[in-house]
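Where do charged side chains pair up along a folded chain, and which parts do such pairs join? The following paragraphs walk through these pairings step by step.

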Amino acid sequence: MMGRPVFVLFGSSIVQYSFSNGGWGATLTDVYARKADIVLRGYIAWNSRRALQVITKIFPKDSAVQPSLVVVYFGGNDSIAPHPSGLGPHVPLEEYMDNMRKIGEHLKSLSDKTRVIFLSCPPLNEELLKKSTSTALSEIVRTNETCRLYSEACISVSKEMGIKVVDLWNAMQKREDWATACFTDGLHLSEEGSNIVVEEILRILKEAEWDPCLHWKAMPTEFGEDSPYDLVASSGKSTINPSEWTFHRKRSWE
């Protein structure tokens with residue numbers, strides 16, 4: 001099988017659900033059709049501790065093919081308040097930062113061409129989340145304030161390590177109606193919320209001085225050469241190459 005660049009989406013439910021409800025993973029897969037393979041490695045309810053337990057299995061250093069890009073999201077579950085039993089996903093802030101450093105170090109070590117983008121904690125709609133939380137679960141305390149703290153911690157680690165980062169906590173809140181427009185349940189992203197993630201990722205990929213450039217417009221289209229088997233032009237004397245057509249998309253991505 002011909003090898004395309006591989007982009008891996010690694011994280012918790014924000015990643016696992018990224019192909020649902022017009023999600024950002026699905027949109028990136030459409031944007032990068034015939035450019036790169038988007039691989040989903042998302043695990044609902046996971047925190048940075050669980051990520052570290054398996055990172056060498058998901059990203060083995062001896063793999064014949066290493067990803068060109070890894071987009072990482074952990075922090076939302078880490079930021080949940082601790083449960084009195086000691087069970088649950090909470091990870092103290094300093095440990096979360098250390099875990100993200102270790103995740104970043106491992107991913108950067110995979111190859112000289114592996115690029116990494118961290119996504120920081122987005123905000124949440126606390127009232128909507130309380131209404132949508134399953135009664136099978138004990139009380140889950142999530143607040144915008146803790147999301148902000150973990151978002152800032154992720155950004156701090158990213159800057160420290162020279163890793164690109166999307167500040168989702170602030171990017172989402174640039175919309176006046178973010179609390180109602182960006183979520184399906186107060187926490188997980190709607191199509192509108194996912195579009196913000198795509199915008200921010202594409203902006204980074206366009207601006208980053210990476211060689212090779214990983215922005216979709218700069219990447220070659222697989223089997224994009226002209227062919228006599230393409231669609232026939234109205235003149236009936238030539239064909240039209242449709243490999244770069246993007247008019248099917250609901251919005252034009254930059």
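**Salt bridges across the chain**

E199 is partly exposed, with a relative accessible area of 33%, and in this predicted model the side chain of E199 meets that of R251 in a salt bridge, at 2.8 Å from N to O. The two residues belong to distant parts of the chain, since E199 sits in helix α9 (residues 191-207) while R251 lies in the segment after β7 (239-240), 52 residues apart. R251 is likewise partly exposed, and its relative accessible area is 33%.

Side chains of opposite charge can pair when their charged atoms come close. The structure holds 17 salt bridges, and another of them brings together the side chains of R49 and E95, with 2.7 Å between N and O. Because R49 lies in helix α3 (residues 48-58) and E95 in helix α4 (residues 93-108), this pair ties together parts that are 46 residues apart in sequence. R49 counts as partly exposed at 35% relative accessibility, and E95 is also partly exposed, with a relative accessible area of 28%.

A further salt bridge is found between the side chains of R175 and D177, where N and O are 2.8 Å apart. Here R175 is partly exposed, having a relative accessible area of 26%, and D177, at 35% relative accessibility, counts as partly exposed too.

Finally, there are salt bridges that share partners, and through them D98, R101, K102 and E160 are joined into one network.

Technical notes: Residues are numbered from 1 along each chain as its sequence is written. This is a predicted model: local features need pLDDT of at least 70, side-chain atom pairs count only at pLDDT 80 or more; totals for chains, interfaces and linings use all residues. Side-chain values use heavy atoms; hydrogens and water are left out. A salt bridge is a side-chain nitrogen of Lys or Arg within 4 Å of a carboxyl oxygen of Asp or Glu. Helices (H or I, at least four residues) and strands (E, at least two) are DSSP runs, numbered from the N terminus. Buried means under 20% relative accessible area, exposed over 50%, partly exposed in between (1.4 Å probe, protein chains only).
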